[in-house]
Amino acid sequence: EKVKSNNLDVKIPKSELETEEKGTEEEPTRESDSSILDASSDYPRDKHISIQRQLTDLERLADLKEDKKKPCPLCPEEKFKACYGHKLRRHLQNLHWKVSVEFKGYRMCICHLPCRPVKPNLVADQTLSKMGAHYHCIICSATIARRTDMIGHINRHVNKGETESRFITVRAPANEVVKESATDVQVLPNHSTPQKTDSYFNPRMKLNRQLIFCALAVLAEERKPIECLDAFGATGIMGLQWAKHLRSSVKVTINDCNEKSVTIIKENCHLNKMKVKLNIKEGENDGTVGDGEDNTDTIEVTKMDANVIMHLRAFDFIHLDPFGTSVNYLDSAFRNVRNLGIVSLTSTDISSLYAKAQHVALRHYGCNIVRTEYYRELAARIVIAAVTRAAARCNKGIEVLLAVALEHFVLVVVRVLRGPATADNSAKKIRYLIHCQWCEERIFQKEGNMVEENPYQQLPCDCHGSMPGRTAVVLGPLWSGSLFNTGFLRRMLLKAVQYGLDEAQPLLKTLVCEAECTTLKQFSTHGPGDENKQEECGVYIKTSNISAESYVVPGKRKGEEGMRSAAKRQKAEHSAEHPAFYYNVHRHSIRGMNMPKLNKFLNYLSEAGYRVSRTHFDPMGVRTSAPLAQFKTVLMKYSTPTYAVGQAEGPVHLPADDHGGEKSPAAADTKEEDAEFPEDDESRGSAAVSTESHPAHCAAD
């Protein structure tokens, strides 16, 4: 059958038309207008008229009557004039219903009303024929012109987990539940991709969350209760772990500016049987209680900008974990943080901090950097320098408790010290670094404002005299002080053991050795009296250990003086800071020589009278007080030659052949296995392969 409607010829199969009309006649008559009103009343606001469940709903909207002409509710009169019911019914079927997009039982019909602006370049005659036909999205109420684009638009909403909206009352499918450290959280689809979800959750940041939890647990021992803030909650897993394990010792506030994230956080609180105190705006509280009967913990959930909530309220512990750099929130974080409180921040802008995007580092941190062998420690010192400047602007100083730089993030934990004097002392530790681009020797510039005639004299190497041109660059400004606090790290390790955080324990052991600049074999977790006598920030920190409480004499000043004097003696014993930066043994290895095992090499440096330790920044890095020249000398002394050509050519003659008798024990030591650092065997194998690939060069040496 051929129907002519407003100069439009539409061919409709006769069988299909009869089926549609028959289905229309067989529709139950019990569905009245009240059912339509009830369906639409479930929504926060009325949906667009082009979104209907059934064709009969669209026909009722048109109010079809055979004896009167009615206009189309989805077309303007200029496009489709009023007509009788049978013609209008066919028009709705063919031009609106059949080309609709279906989603969750609803049909988004094409709309020709002037909801969408017409292209301004159309001629007057074309304007009537193209009135901006479009679809109305049922989720976000956007207007999409093409049907294929509308289908793709709906699929993107589904991928993001946005199946509930201001229009739909149908519940979304159950979200995935992830369990971490005895805490259950719901995550949305594509939760590991920040660009595709509103509630980001990265399972690879588990180690980062455990370190922050240990730092908070140590602070909770010093004073109770403490108010802590997770400024960027996302799924709320970090704040839930704080409240679930530390219980009444902390008052947790989880904040996020995204409405979807706030909803997820509230559901996760109920999932873990936590009470929720919802604070959408400052001064408006909406308390909702979870299902837990014996749980008295309450988590406050706020929906604000992070800068706003940190300006309005004071906290003892603040954690910042934005997407990218955190420099935009440092001023607000230090504005109201309490004295001796802790500020921790996680920076994930690795491309700029690791010198892959140097112009971004200059824009965000005001720092000039290049790619070096110690680039990870350089990134940590860049972040600490930015933190120091932000704290100094608020007349506050800092003491660095922890600085970790791994593959995916840079974590910095600092203690806040109020007062302009401490702010000045912290600001003085921001200095520039002179870096030799030939041998990668480095040294911080001397304090003072006087310009030196030859700054190359500060470098221990003589590359400037033996190499042409300019050989060094100035990097910074950087933090030149210590990156770790030994007493705080030891107490963090005890908390990691107490709460069973297995992933954080090996890293914390390495950090303690790195802070003391000792090898792991000399590390010991015993002697709790020594740990409790640690002095942090010039203030004696008392823990729950009995040996520490024995120093406290209530109401007697003499007992306090004795406690402080013991802490000062302990501080004097460990006053030497760890050496700045580290050397990579592969970077400075000798061609044609097999390096000793890394742990044996550490012992050789220690026997030579230098402080030495491994570093978490680089698995093949060595932190030592020895200058680069002495480092290379010891490395060459205990390296064994690689005979790639054959024994007939004789031994390889090296400048260190005078110590040939001392190399035999080193060669014997290479056969021993070290269970603590198995990667050393791989490093030796890689060094041997690299030298075997150049046999002629080895023979020439």
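**A tour of the salt bridges**

Begin by selecting Lys 495, which is buried at a relative accessible area of 9%; buried denotes under 20% relative accessible area, exposed over 50% and partly exposed in between (1.4 Å probe, protein chains only). The model is predicted: local features require pLDDT of at least 70, side-chain atom pairs count only at pLDDT 80 or more, and totals for chains, interfaces and linings use all residues. Residues are numbered from 1 along each chain as its sequence is written, and side-chain values use heavy atoms, with hydrogens and water left out.

A salt bridge here is a side-chain nitrogen of Lys or Arg within 4 Å of a carboxyl oxygen of Asp or Glu. Lys 495 belongs to helix H17 (residues 486-498) and Glu 221 to helix H7 (residues 206-222), so the contact ties together parts 274 residues apart in sequence. Helices (H or I, at least four residues) and strands (E, at least two) are DSSP runs numbered from the N terminus. Glu 221 is partly exposed, at 25%.

Move to Glu 222, which is partly exposed at 23%. Its side chain meets that of Arg 415 in a salt bridge (3.1 Å, N to O). Arg 415 lies in strand E18 (residues 410-418) and Glu 222 in helix H7, so this pair joins parts 193 residues apart. Arg 415 is buried, at 1% relative accessibility.

Then select Arg 442 and Glu 373, a salt-bridged pair (2.7 Å, N to O). Both Arg 442 and Glu 373 are buried.

Finally, display Arg 223, Glu 227, Asp 316 and Arg 338, which salt bridges with shared partners join into one network. The structure holds 19 salt bridges.
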